[in-house]
Amino acid sequence: MALRLVSDFDLRKDVLPWLRSQRAASAAAGARGGGPGVLENNYESLRILNVERNGNIIYTCKDDKGNVFFGLYDCRTRQNEHLYTFEKDLHVVSCSVNSERTLLAASLVHFTKEGRKNELQPGSKCLTLLVEIHPVNNVKVLKAVDSYIWVQFLYPHVESRPLAENHLLLISEEKYTEKFHIQVIKEDGNRVVLKDSGHLPRERVAEDFVWAQWDMSEQRLYYVDLKISRSVLKCIQFSADGKFNLMFEAPLDITLSDSGFKLVNFGCDDLQDQKNLSKHLTLCVFTNHTDYYVAVYLPGHFFHLLNIQHPDLICHSLFLTGNNEVVDMLPHSPLQSLSGSLVLDWYSGKLYRAVLNQSYLLQFLWNTQLDCEKMAVLHCVLSCGRDPQFLEAKLIQWISENVSACHSFDLIQEFIIASSYWSIYPETSNMDKLLPYSSVFAWDTEIPGITLVTEEIPLPFMKVHSFKGYWEKLNSNLEYVKYSKPRLLYDNSIVRKEWHSLISEEKTGRRRSMVYMRNIRENAMKVISNLEARNLEPRLTPLFQEEDNHQRLLMGLMVSELKDHLLRHLQGIEKKKTEQMVLDYVSKLLDLICQILETSWRKHHLHPQLLYCSRQASAAEFTVFHLMTRILEATRTLFLPLPPGFHTLHTMLGVHCLPLHNLLHYFDNGVLLLTETAVTRLMKDLDNSEKNEKLKFSIIVRLPPLIGQKICRLWDHPMSSNIISRNHVRVLLLNYKKQPRSSMIDKSPGSVEFLPLNYFIEILADIESSNRALLAFEGHDNVDAKFVEEAALKHTTMLLGL
């Protein structure tokens, strides 16, 4: 199952043994004259009452006489503690304890003689009590009414020191909320008592609402205020000092009445109600503190994992229906979602931690045939994984074996972009608006079971009263949706334009300022250093073994442009931190490419030495070559940098794997790049067989002139000499100025009977002798005149058709 509930707490296992030990100890004390036992055998009444903000669990149990026992389970120490016992037969509606465990608030209902709650008869009361429990002392009645009351102490965000004032919320079924201010003082050491129990100040927080819900994690109260013409959703935020503010109010487009609505998220009020609810279908909604995903589960029908961080791409959400594994894996009883991904099963008394089942997700990824599910699981694993390196390794393994499995998107592109995004996302909350999180920005492929209708709808008017924390994020999202046209997501279009401009200038001999170029080169060096620092293990693939100036240039430009982009739009982030985020992001891109190659390289047991032999390629080499071609296609579309040495490795594999005509086609269409390192290795490694001669000549004629001249001198072959001589003659004649000459040409010992050729050789000899120092061929000896003569004669004969 995609969602797994891991038990964090179980009444039967974590509380019951302790209760029995307490009973046994009390019974032994009673036998010695110490009094009756604390509890008897009525453990069926054991149930959870509340889970406080710090994770502590309050539970209750009755003895055979109906006396109500309150206990607390400390989630940190995993120890139980007795809080208080009411020696009356009462039914507990709600309970809460303050963070210092000195005060207990409880709402209880009287029972009639028949043993049933008498909620409707005039005389029945719901008592809301405040008890001093450190030590046990006074009991103060806060409310005595006919309606149910839920109680909840406010918890400060910092629990480093005891508070002089506690704050208690009372939420009534009569649709109002009050807050009590409770001051305490210390007496006789650790004795904590109410300062003025006769008068507890109170204030009205909200009233006339039809629905309310308490968020214990963030200490917020949500409620729907029923106006005459429309309903308004409001939210109140409570702070550590007890003050509260109305954070927002948003009108709802639907009209609500108080029929059919019930206060929720304040606990189950009756064990019998729990049993009745467990017999019916219950829709369960799970959330966690990140808000990346919301899980919606209807037992036996469906499980939906909704990506709420990027709702514009519905294919990032996972929809599972009609799957038997979905039907019976989770409990069917009422569940309540709590903070920290906790889920409370009221019926069984168990507290679960909801986690994504990564093993199931990976298995699902291998087996599913739908592109939308592949993309959803890919993002789900990357965003919620507890072991990113392990999960990335598994995803890379899957990608290397299924590189062509997706038709709606490029799998390598999506993995590189998504993984890089999720690796840097925690650095700042606004990264989702500035960095691309997917290679796909519109999904027009059908998703089974989902009908998607796109239409422009006006955003609801929301009056936000504060911009801190959650509300700052909410407001920024609203502002982004309203006014961000076009999108702010970074793309490499500016880098593409600048890179092509610099390459063009390099070919023509023009140069930018030294400061600008030095900054670009330093950026690239920082990326490579950052990448090497993150990967201490040696790589098997022969990458980063050459300069590859063009890729370094691309790296440096991307760092520069991305840094400017983030500094322009990120607010409140130090420049140094932003620069480091950029280096980490670009390094991550390159590292992912290296990991994909490394995984495939190791899987097929390849070694760098294989590239230096002139044998036929193996099936393993062809597989790796195909993968590298797909990587090249993916990065070229997005204009992302590649690790230095990638093109050399790709070309060397291509020479081994492809027949000559396919190889030349790859060269001519830019799929394979003839780097100087690759060509040098080929010239030295391959012999001069007829097949290799064709290959070498085909490569030389495709090289840029400057590189071609260097490579020709490495190839000891007449064809190479022919090219050298022709280039040499071309250079000599570029600066030739015609001088008046005698009509008679003296025949030298080396002259031939062909007069035009004699004249041409004399001109070359004259130029070479007069410009020997200027036209020395890059430190090499002058070309043999006899060789030039033969080459020129052959070339002339060909041109004349002789």
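Here is a short tour, from the overall build to one pair of helices.

## The big picture

Keep in mind that this is a predicted model. The protein has 802 residues, and 48% of them count as buried. Its secondary structure comes to 22 helices and 25 strands.

How far apart in sequence are the residues that touch? Among contacts with a separation of 6 or more, 59% join residues 24 or more positions apart.

The largest nonpolar core holds 129 residues, and the members touching the most others are I412, F415, W443, I631 and F646. Helix α13, which spans residues 575–603, supplies the largest share of this core with 13 residues.

Take I412 as an example: leaving aside residues up to four places away in sequence, I412 touches I399, V403, I596, L627, R630, I631 and A634. There's also a second, separate core of 37 residues, with L19, C61, Y73 and L351 among its members.

## Where α10 meets α12

Helix α10 (residues 493–508) and helix α12 (residues 549–569) have axes that come within 10 Å and cross at roughly 140°. Angles over 145 degrees would count as roughly antiparallel, so α10 and α12 are oblique to each other instead. The crossing is right-handed.

Which residues make the contact? On α10 they are I494, V495, E498, W499, L502, I503 and E506, and on α12 they are H550, L553, L554, L557, M558 and E561. Sorted by class, that gives nine nonpolar, one polar and three charged residues.

Methods. Residues numbered from 1 in each chain as written. Predicted model: local features only at pLDDT ≥ 70, side-chain atom pairs only at ≥ 80, totals over all residues. Heavy atoms only, no water. Core = buried A, V, L, I, M, F, W, Y, C linked by side-chain atoms within 4.5 Å. Buried < 20%, exposed > 50% of the residue type's maximum accessible area, 1.4 Å probe, protein only. Helix = DSSP H or I, 4+ residues; strand = E, 2+ residues; numbered from the N terminus. Contact = heavy atoms within 4.5 Å. Axes fitted to C-alpha atoms, helices over the stretch in contact; angles between N-to-C directions. Parallel < 35°, antiparallel > 145°, perpendicular 65-115°, else oblique. Left-handed = near helix turned anticlockwise from the far one by under 90°. Nonpolar A, V, L, I, M, F, W, Y, C, P; charged D, E, K, R; others polar.
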